[in-house]
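This report walks through selected local features of one model. Keep the sequence and the 3D view open while reading.

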Amino acid sequence: MRSALTRIRGRIVELLPGRNDWAETRRDPRRDLLAGLTVAVVALPLALGFGVSSGLGAEAGLATAVIAGALAAVFGGSNLQVSGPTGAMTVVLMPIVAAHGPSGVLMVGLMAGVMLVALALLRAGKYMQYVPAPVVEGFTLGIACVIGLQQVPNALGVPKPEGDRVLVVTWRALEAFAKDPNWTAIAFAVAVAGVMLIGARLRPTVPFSILAVIAATVVAQAAGLDAATPIGDLPSGLPAPSLSFLDLGSLGSLLAPAVAVAALAALESLLSASVADGMTVGQKHDPDRELFGQGLANIAAPLFGGVPATGAIARTAVNVRTGAGSRLAALTHAAVLAVIVFAAAPLVSKIPLAALAGVLLATAIRMVEVGSLRAMAKATRADALILVLTAVATLALDLVYAVVLGLMVASALALRAVAKQARLDQVPLDRGDHSAEEHALLAEHIVAYRIDGPLFFAAAHRFLLELAEVADVRVVILRMSRVTTIDATGALVLKDAVEKLHRRGIAVMTSGIRPGQRQVLDSVGALELLRLEGHEYATTPEAIQGARTRLECAGVMPLHPAQSPRPLTEEAEETVR
């Protein structure tokens, strides 16, 4: 017990931030501070909107952005990740609110946080590396499209239509705009996005997003443009910390929703961190520490009335594109939001929503790496298919379904490619010391097959069909030293093939079975079948001699008592192995 606690304590120490994590903050703090300020301006309306959408109110969104954003920045595993409430999480939370009320959402967030910490302690973050690059690229492209389409209502200056699907909402927004055009909102959105995109090419170090938003706000206020809808009133502060939502009796009913929230938080955060790494040079996140930071963030956020948080791809992309180089930017974003909540809410409430829509439209455009997409599409047809499928699923469905679908297709295609590598090749039996007549008998009555590659469920059926076509022989030798892996399906197919050949009067001998593969063969009875027949051999030369002896005893091959077979030369030995 004590040793287990010692290991857990040591693991927690490994996950805590160290001096090296903060060394980066001293390189260019000015850029990080400006990036954090820019992200805060972009994150504010998102936090308010997602808080309202979740059913807990704008205050919940702000509390999440401040509390979770700060803790994830300090304890997370990415220097560039920005965390807070997200649209994908909101979709998951809405049915929880309907079924269990606001206190149920807070309880689910706390439970999910504990689960994320447990995943970090178990080193589960490393499995993220198995997500194929086309899935990540497709996810990024799909999210960029989603972010862009989400801004259409604000960019057109129309109220957000009803609907859960971004394509449906966009279409309804276009219909509303056609009935009552708002050219002022479009002008603000296009102008802000244009300034950001052109300015980033000319002077990448200048925070054009802030300048464009300030300019748009000043123009809207000076000209008294009613069409430039402002953000609106903000709450005056964060809720006081409280544990009143705790209800241990509801743990059982909330377990399944908590697992779903934890899975989404882990998936979205790690994918977002991977995308951030891909948008930079030299940055690489620690997946276990990222899970740990997100876990702590989700444990703390409910205490202040916040909803579950994840790494936010839109805010992270803004953070990267505005020049952030360390976690100081994400921490600044949380600090600025806290200041805004308590001190500058009246000023920020006047920012036109169309201007913020322009910021996110430009961010979505800059998220798309055309060179990477072109390279991925040209790699193989399978990579192109996975990329397009993941992007379309992200746009048409949601993040979780898109990634799961992308992984399923990628896994199926990978299995297909691996299964094609499995071969069953007939090989010559060259003893080198037989007479011409004896060698002819060997060639006529004994056939050897070498199995190369994996013998598993994806390739086993083809193996059985090929082996079943063996004819006009008395002995089949299966050389298995080059079998890379074998599963239960492959072992059962092998057993089935041996039994079918036995029923046809063909003896089956094996050679070179690896120690690691004996257990699975033994578990289905294939190894026992060969042992009973005495047809399992360590090497191919021994199997050949066993086959020859069997034929001699059966009277098929002449027996020469005075002539014992000579041992193989080293060259021949290597040939038949």
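## An aromatic pair and its surroundings

Trp183 is exposed, because its relative accessible area of 60% is over the 50% cut-off. The model is predicted. Trp183 belongs to an aromatic pair with Phe177. A search of the whole structure finds one such pair. The ring centres of Phe177 and Trp183 lie 5.2 Å apart and the planes meet at 85°, so the pair counts as edge-to-face. Phe177 is buried, at 11% relative accessibility.

**Accessibility by residue**

| Residue | Relative accessibility | Class |
|---|---|---|
| Phe177 | 11% | buried |
| Trp183 | 60% | exposed |
| Cys145 | 33% | partly exposed |
| Cys553 | 68% | exposed |
| Ile513 | 10% | buried |

The structure holds zero disulfides. Cys145 is partly exposed, while Cys553 is exposed.

Asp32 sits in helix H3, which spans residues 29–54. Which side chain of opposite charge is nearest to Asp32? That is Arg31, 6.6 Å away. Asp32 is buried and has no salt bridge. Leaving aside neighbours within four places in sequence, the contacts of Asp32 include Gly323, Ala324, Gly325 and Ser326. Thr25, Leu328 and Ala329 also touch Asp32.

**Strand S4 and its partners**

S4 runs parallel to strand S5 (residues 475–479), and five bridges join them. Arg450 has Arg479 as its bridge partner in S5. S4 also runs parallel to strand S6 (residues 483–486), through two bridges. There, Leu455 has Ile486 as its bridge partner. In a regular strand the side chains alternate between the two faces of the sheet.

**A loop residue**

Where does Ile513 lie? Ile513 is in the loop between strand S7 (507–511) and helix H22 (515–523). Ile513 is buried, because its 10% relative accessibility is under the 20% cut-off. Not counting residues up to four places away in sequence, Ile513 touches Met480, Arg518, Leu521, Leu527 and Glu536. Ile513 and Arg482 are 31 residues apart in sequence, and their C-alpha atoms are 8.8 Å apart in space.

How values were computed
Residues numbered from 1 in each chain as written. Predicted model: local features only at pLDDT ≥ 70, side-chain atom pairs only at ≥ 80, totals over all residues. Heavy atoms only, no water. Disulfide = S-S within 2.5 Å. Buried < 20%, exposed > 50% of the residue type's maximum accessible area, 1.4 Å probe, protein only. Helix = DSSP H or I, 4+ residues; strand = E, 2+ residues; numbered from the N terminus. Lys, Arg positive; Asp, Glu negative; His and termini not counted. Salt bridge = Lys/Arg side-chain N within 4 Å of Asp/Glu carboxyl O. Contact = heavy atoms within 4.5 Å. Pairing = 2+ DSSP bridges. Phe/Tyr/Trp six-rings, centres within 6.5 Å; stacked < 30°, edge-to-face > 60°.
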